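Please look at the sequence and the three-dimensional structure shown below. The paragraphs that follow lead through selected parts of it, step by step.

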Amino acid sequence: MRNIDTFAVIGGDLRSAYLAGLLAADGYKVITSGFDSTDLPPCVTGCTNPAQAVPLADCVILPLPVTTDGTTVNAPFSRMRIPLDQVLNGLSQDQFLVGGKISDVVRKEAECRGLIIADYLDREELAVMNAVPTAEGAIQLAMEELPVTIDGSKCLITGFGRVGRTLSERLVSLGARVTVAARKFADLAWAKSQGCDTIEMEALAKAGDFDVIFNTVPVMLFGKEILKGMEKDTLLIDLASRPGGVDFNAAAELQIKTIWALSLPGRVAPKTAGAIIKKTILNMIKEGS
């Protein structure tokens, strides 16, 4: 296991801000850069210049995603742009470097400098723990948008992975009438055991009418033909990562209200999301990943 005493948290949203505070609360020295316009705990050291912060750390944490444009660090709370190459140039090969949703561009930029960058978004424990705030956030959206209560509402969940399974459990406990559409017969059996009705994914067009549909599959399931068969007052919440599972142009044309709810943990529960990222990174350090 690596001996890590000092972390540098460079850029990121509220998840990263809470992550810095939680690491400091655990007794680590934490230096941050890219948080000019948000408050940080007093035990966290702020640094305007990331080139000064990076060399001081045993572990450098980049945000989720690391970059949105391929050239600058994703830093919505920074008053200045943080060039990605400025951060990478300040690193040495013996530092532990992690980030979330690392693109091929970022990985190549790191590798050409002899650096290894590990992706905490690829970790199974993060995906499992993130399923809870994702499911709760999806239900919150439905409660805000639906003209009816969750209790007694007709809900369809497409996909029965981590998020689909967690979401179905909570919807059933709230009194919703839940139907799960999945491809694997094992998943359909598990959904049935949780009190859900089930249909095979191939029969989606004949699934019937629902108050709300939660899609968790990042494959085009809700194309124009499927959308045409839906009631106009159906709420469609897409929880899938890019490219999503809905033809959003067709949904707008057909006046079907659709919400693409990306990165829900960071939006609805940033402190919890920050704690999940912290736990995952500490696990990676223990494993020497």
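Strand 11, residues 235–238, is covered on both of its faces. Leu 235 and Ile 237 lie on one side, Leu 236 and Asp 238 lie on the other, and all of these residues are buried. In a regular strand, the side chains alternate between the two faces of the sheet. The model discussed here is a predicted one.

What stands beside this strand? Strand 10, residues 212–215, runs parallel to strand 11 and is joined to it by four bridges. Within this pairing, Val 212 has Leu 235 as its bridge partner, and Phe 214 has Ile 237. Strand 12, residues 258–260, also runs parallel to strand 11, and three bridges join the two. Here Asp 238 stands opposite Trp 260 of strand 12. The chain passes between these two strands by way of a helix: strand 11, helix 9 (residues 248–253) and strand 12 make a right-handed β-α-β unit.

In which order do the strands of the open sheet follow one another? The sheet has six strands in the order 9-8-7-10-11-12, and their pairing is parallel. Its edges are formed by strand 9 (197–200) and strand 12, each of which pairs on one side only. On average, neighbouring strands of the sheet are turned by 20 degrees against each other, with direction ignored.

Helices pack on this sheet. Helix 5 touches strand 10, strand 11 and strand 12, and its direction makes about 155 degrees with that of strand 11. Helix 6, residues 162–173, touches strand 7 (154–158), strand 8 (177–182) and strand 10. The direction of helix 6 makes about 170 degrees with that of strand 7.

Helix 5 also has a helical partner. Two packed helices are described by the angle between their axes and the distance between the axes. Helix 5 (residues 124–145) and helix 11 (residues 270–287) pack at an angle of about 170 degrees, and their axes are 10 Å apart. Because angles over 145 degrees count as roughly antiparallel, helix 5 is roughly antiparallel to helix 11. On the side of helix 5, the residues that meet the other helix are Glu 125, Leu 126, Met 129, Asn 130 and Pro 133. Helix 11 contributes Ile 276, Ile 277, Lys 279, Thr 280 and Asn 283. Of the residues in this contact, five are nonpolar, three are polar and two are charged.

Two single residues complete the tour. Is Asp 187 buried or exposed? Asp 187 has a relative accessible area of 16%, and because buried means under 20%, Asp 187 counts as buried. Apart from neighbours within four places in sequence, Asp 187 is in contact with Phe 160, Arg 165 and Ala 182.

The other residue is Pro 50, in helix 2 (residues 50–53). With a relative accessibility of 4%, Pro 50 is buried. If residues up to four places away in sequence are not counted, Pro 50 touches Ile 10, Ser 33, Pro 55, Ile 82, Gln 86 and Val 87. Pro 50 and Gly 70 are 20 residues apart in sequence, and their C-alpha atoms are 17 Å apart in space.

Conventions
Residues numbered from 1 in each chain as written. Predicted model: local features only at pLDDT ≥ 70, side-chain atom pairs only at ≥ 80, totals over all residues. Heavy atoms only, no water. Buried < 20%, exposed > 50% of the residue type's maximum accessible area, 1.4 Å probe, protein only. Pairing = 2+ DSSP bridges. Right-handed = clockwise from strand over helix to strand, strands pointing away. Axes fitted to C-alpha atoms, helices over the stretch in contact; angles between N-to-C directions. Parallel < 35°, antiparallel > 145°, perpendicular 65-115°, else oblique. Contact = heavy atoms within 4.5 Å. Nonpolar A, V, L, I, M, F, W, Y, C, P; charged D, E, K, R; others polar.
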